[in-house]
Amino acid sequence: MTTSLQGLLAGWITGQRWFAGKGRAIDDLSIDSEIEIAAGDPALLHLIVCVRQGERHTRYQIPVGLREHLPDRLGHVRIGACRRGGREVEIYDALHDSALTGHLLEGMAADRRFDGVGFHLAHGAEIDASQRSLVLTAEQSNTSLVYGDKYIFKLFRQLNPGVNPELEIITALADAGSAHVARPYGWIETELQGEPTTLAIMQEYLQNANEGWSMALTSVRDLYACPEGMPAEDAGGDFAAEARRLGLATAQVHRELARAFPTGTIEPPEIKRMTERFRRRLDKAVAEVPRLGEHADVAADAFDRLSDLGHEIPVQRVHGDYHLGQVMRTMTDWVVLDFEGEPGQPLAERRALDSPLRDVAGMLRSFDYAARHLLADRPDAGNLENRAREWSERNRAAFLAGYSEGGGRIRGDDAVLLRALELSKAVYEVVYEARNRPSWLPIPLAAFR
């Protein structure tokens, strides 16, 4: 008995890192779209499938390869075997096969269209289609390929109708000459529910850049290895100068976003509604994680102060999911990545105007995480607590100084908003860590002291 392609995919998809419906049974999987990108052996099909789990319907993008015989090097991405065109073929995840991913590069370089899937070359860009691909394995919600040392290609696995915010933002900022985004080279799109929908984006690959999170952790390790009593500024690998430059770059990106996209304000009534949402999340978090209850008054007081603001707050397009893992240090400056916002949120929410201080709050929380996560499960964590606090406070202050120097607004009542946004983020973190990494729970709880 031959298993259908739908049946193979239904059994395979639940084990993928990017599958968002883990822990729930699949009631049905249907193929909404099947487009041949390359014929022959191997062949490349572009699939859009719809997975039904109860009342939830989620679309996923799956490029699959077809071969009569699957080589051993691709055995780990095998989906199964089924009959296609009167013959038995092996089905597998095509993004791991450089013999097939070259067609994606060629299609983008040539501005090609395949029966509903459009490949687009960015304005003024040229693509070297001879580059071979390598899959990056660290991502949770997307799949990225690096082509040679030139390009990074990000394919969005879960699809929502509409243009992805990242494509909008990097295109606008690159056209404006921003030094803080990686150059866009092209994108792929289709139409879902009558809307142009982004399938993938390709940008410059920052080959010799260092990730902000890795740099910060190196600095923290250096400090922890120093003799007790040595000031953080005297420890090898002090990060404060880079934190200040990152704050400066963040302010510049916020200014560029404000010039490139519409801006607005939210009035006191909407501020009160926002504060009520914060309070409801806090109440739910305390019910789920009772340890937060000891610190709930700190957050409640910050939310009360925000609710009492009697003036409007400026809003604009922002990053939306900003932390040290979203920034890279090149030889010349900081570059900001992944402007798509939180992948689990609807596109309309990710495009919505917000206070730029939400990004600032996210980065401040990231400094706390960098300082403290190395303490998890360490028997000497108590002895290093003061060092962690010292590192975090030093780099948070440097980041805020750079942000102000770059024209970022943090004055007067802005501090009230920033504190509320940071504690709201910490409330979310408490719930996340309690569910997924209980040994990390002290990290967000420290934000309330």
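Apart from residues up to four places away in sequence, Phe156 touches Gln61, Asn142, Asn164, Glu166, Thr198, Leu199, Ala200, Ile201 and Glu340. Contact means heavy atoms within 4.5 Å. The model is predicted: local features need pLDDT of at least 70, side-chain atom pairs count only at pLDDT 80 or more, and totals for chains, interfaces and linings use all residues. Residues are numbered from 1 along each chain as its sequence is written, and side-chain values use heavy atoms, with hydrogens and water left out.

Phe156 sits in strand E10 (residues 151–156). Helices (H or I, at least four residues) and strands (E, at least two) are DSSP runs, numbered from the N terminus. Phe156 counts as buried because its relative accessibility is 3%. Buried means under 20% relative accessible area, exposed over 50%, and partly exposed in between (1.4 Å probe, protein chains only).

Phe278 belongs to helix H6 (residues 268–288). Its relative accessible area is 3%, so Phe278 is buried. Beyond four places in sequence, the contacts of Phe278 are Phe303, Leu306, Arg358, Ala420, Leu421 and Ser424. Phe278 and Gln207 are 71 residues apart in sequence, and their C-alpha atoms are 40 Å apart in space. His373 occupies the loop between helix H9 (357–372) and helix H10 (381–405). A relative accessible area of 14% makes His373 buried. Neighbours within four places aside, His373 contacts Trp213, Leu217, Trp440 and Ile443.

Backbone geometry was then considered. Most residues other than glycine have a negative phi, and most peptide bonds are trans. Asp41 and Pro42 are joined by a cis peptide bond, with omega about 10°. Pro42 lies in the loop between strand E1 (28–38) and strand E2 (43–53). Asp115, which is not a glycine, has a positive phi near 45°. This residue, Asp115, is in the loop between strand E6 (113–114) and strand E7 (117–121). Asp115 is exposed, because its relative accessible area is 69%. Asp338 also is not a glycine, and its phi is positive at about 55°. The loop between strand E18 (334–336) and helix H8 (347–351) holds Asp338. At a relative accessible area of 24%, Asp338 is partly exposed.

At the level of the chain, there are 12 helices and 18 strands. UniProt, in an unreviewed entry, lists residues 12–97 as "domain: Maltokinase N-terminal cap". UniProt positions follow the numbering used here, feature names are shortened, and annotations may be inferred rather than shown by experiment. Residues 12–97 are 2% helix and 56% strand, and the end C-alpha atoms of the span lie 18 Å apart.

Along the principal axes, the C-alpha atoms fill a box of roughly 70 × 50 × 45 Å. Of the 449 residues, 51% count as buried. Among contacts with a separation of 6 or more, 67% involve residues 24 or more positions apart.
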